[in-house]
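I opened a new notebook page for this one. My plan is to pick a few spots, look them up and jot down what I find.

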Amino acid sequence: MKKIKIILFLLISMYAYGTNKEKEVKQIVEFRNPALIDIDSSGKKPGFNAELEKYLNEMGRDTKFIFVLGNEYFLLGKYEKAFKVFSKGTSYLPNLFGAATTARLMGNYQVAVEYYDRMIDGNSGMDEAFLGRGLAHRGLKNYGLAVSDLTRYLGIKRDERAYLGIGGILIETEDYEGALNILQRGRAAFPSSREISNMLSKVAAKMN
């Protein structure tokens, strides 16, 4: 379980900043069957949903297999397909987190919140759910809920994305003093962060 949590955390970190290194893509292990590979390589060729159901049935709908297949689609940047795969086995916590994260990255923020809610309400112990839900609430402009989740996550773990998330929200809501405070704390924790430095410059410009 610890290894799976680390994998998912690294994936959400990578895509939070829009990075998708070629060398990382080359290391993807292939779990698709020939039919899915053919559909994926043919652009908009139909039949993915039916073939996915058939393939998962052949594999006994094993939730751990669903995770590695969904994870492959995630790494390939095929978020819609990754979501469809992860959502087939959400009784398994990593799949639930995968579904929540892919929904968020596609901009389906309400769906993402619902999946993160299931993790948090079920006391999953996966702290990154607060980070993900906070970012999803930000996408919905539920700023109070977003700050609450991100602040709670910071109470568990210092994370550059949480400082940036809260700072960005406070800038959007024109609470520049609050933004300055949280970003200065972020810079103290991550002194080499270019993103935090850039956001502090933005706050300074707003306050002048």
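**Entry 1: the last helix I picked**

I went to the start of H13 and found a side-chain oxygen of Ser-193 reaching to within 3.5 Å of the backbone nitrogen of Glu-195. This is a predicted model, so I'm reading each distance as a value computed from a prediction.

I then checked the length of H13, which runs over residues 194-207. Its 14 residues reach 20 Å from the first C-alpha to the last, close to the 20 Å expected at 1.5 Å a residue.

Which residues of H13 are buried? I noted Ile-196, Met-199, Leu-200 and Val-203. Looking down the axis of H13, I see these buried residues fall within an arc of 105°, so they line one face of the helix. I also looked at what they pack against, and wrote down H11 and helix H12 (176-189). On the face of H13 turned away from the buried side, I found the exposed residues Arg-194 and Ala-205.

**Entry 2: helix H8**

For the buried residues of H8, I listed Ala-112, Val-113, Tyr-115, Tyr-116, Met-119 and Ile-120. They cover an arc of only 165° around the axis, which puts them on the same side of H8. Just after H8, I spotted Asn-123 with a positive phi of about 50°.

**Entry 3: the core**

Met-119 came up again when I looked at the largest nonpolar core, which has 56 residues. Leu-69 and Met-119 are the ones with the most contacts inside that core. Which helix gives the most to this core? I found that to be helix H11 (residues 160-172), with seven residues.

I followed Met-119 a bit further. Leaving aside neighbours within four places in sequence, Met-119 is in contact with Leu-93, Leu-96, Phe-97, Ser-124, Met-126 and Ala-129.

**Entry 4: a polar residue inside**

I moved on to Asn-95, which lies in helix H7 (residues 93-105). Is Asn-95 buried or exposed? Buried: its relative accessible area is 0%.

So what does its side chain reach? I found the backbone oxygen of Thr-63 at 2.9 Å from the side chain of Asn-95. I also found the backbone nitrogen of Phe-67 at 3.2 Å from a polar atom of that side chain. Not counting residues up to four places away in sequence, Asn-95 touches Thr-63, Ile-66, Phe-67, Phe-86, Gly-89 and Thr-90.

**Entry 5: stepping back**

I finally took in the whole protein. I counted 13 helices and zero strands. Of its 208 residues, 47% count as buried. Among contacts with a separation of 6 or more, residues 24 or more positions apart account for 52%.

I also looked up the confidence. The protein averages a pLDDT of 89, and 88% of the residues score at least 70. Where does pLDDT stay under 50? I marked residues 1-6, for which the model has six contacts beyond four places in sequence. I marked residues 12-25 too, where the model has 24 such contacts.

Methods: Residues numbered from 1 in each chain as written. Predicted model: local features only at pLDDT ≥ 70, side-chain atom pairs only at ≥ 80, totals over all residues. Heavy atoms only, no water. Helix = DSSP H or I, 4+ residues; strand = E, 2+ residues; numbered from the N terminus. Buried < 20%, exposed > 50% of the residue type's maximum accessible area, 1.4 Å probe, protein only. Polar contact = N/O pair within 3.5 Å; in protein donor to acceptor, adjacent residues only side chain to side chain. Contact = heavy atoms within 4.5 Å. Core = buried A, V, L, I, M, F, W, Y, C linked by side-chain atoms within 4.5 Å. Expected span 1.5 Å × (residues − 1). Arc of directions from axis to C-beta. pLDDT = per-residue confidence, 0-100.
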